[in-house]
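I opened this notebook to record what I looked up, beginning with the aromatic rings and moving on to helices, strands and confidence.

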Amino acid sequence: MNICSRSANADNRDPDRDAIYGLVDRLVACWERASAQGLSELWQADGDIIVPDGSLLRGRNEIESFYSGVFAGGYGASAAIAPIGQLRFLSADVALIDGQFIVRRVLAANSQELPPERGFFSIIAQKVSGRWLIVAVREMEPLLD
């Protein structure tokens, strides 16, 4: 192998990019199945999330418990999309993902459908033993005037 081939291969992050896009796709798929356990397993054991109301959830157990409550409280049949706007590698095994989310078909207590929720997310993901997992998520919803 010559030097040019070696450097081109070193810069080829397509497999990692694909795996990270797949991670976000699995996040959406677990949401669509209302699988709190599935969602929590996408995080590292000590990972965390700050949701739009400012609550900090640490570790898979807290994350699973939170999402179980969310799905029981009107989000069980909701649908989500989460397009990635930017993916940046911070090191060989750490990436920053920024994007938007839209959640539709959320039901109020009276079973009325609420307007779609829209916001932004940032995810720090880390490759551990060949698998990309979430270290931290920060969700934000825009302030309305």
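I began with the aromatic pairs, for which rings of Phe, Tyr and Trp (its six-membered ring) pair if their centres lie within 6.5 Å, planes under 30 degrees apart counting as stacked, over 60 as edge-to-face and the rest as tilted; by this rule I count 6 aromatic pairs. I looked up W31 and F71 and found an edge-to-face pair, with 5.1 Å from centre to centre and 75° between the planes. Since W31 lies in helix α2 and F71 in helix α4 (residues 59–75), this pair ties together parts that are 40 residues apart in sequence. I then took W31 with Y75, whose ring centres are 6.0 Å apart and whose planes stand at 85°, so this pair too is edge-to-face. Y75 also belongs to helix α4, so its pair with W31 ties together parts 44 residues apart in sequence. I note that W31 and F71 are both buried, and that Y75 is buried as well, where buried means under 20% relative accessible area, exposed over 50% and partly exposed in between (1.4 Å probe, protein chains only). Ring pairs link W31, F66, Y67, F71 and Y75 into a cluster.

Before going further I noted the ground rules: this is a predicted model in which local features need pLDDT of at least 70 and side-chain atom pairs count only at pLDDT 80 or more, while totals for chains, interfaces and linings use all residues. Residues are numbered from 1 along each chain as its sequence is written, and side-chain values use heavy atoms, with hydrogens and water left out.

Next I turned to helix α2 itself, which covers residues 14–32; helices (H or I, at least four residues) and strands (E, at least two) are DSSP runs, numbered from the N terminus. Its buried residues include D16, I20, L23, L27 and W31. After α2 comes A34, where I read a positive phi, near 55°.

For the strands, I found β4 (residues 84–91) and β5 (residues 94–104) paired in the antiparallel sense over 6 bridges, pairing requiring that DSSP find at least two bridges between two strands. The two form a hairpin with 2 residues between them, and R88 has L96 in β5 as its bridge partner.

Finally I checked confidence, using pLDDT, the predictor's confidence in each residue from 0 to 100: the protein chain averages 92, and 91% of the residues score at least 70.

Definitions and conventions. Expected span 1.5 Å × (residues − 1).
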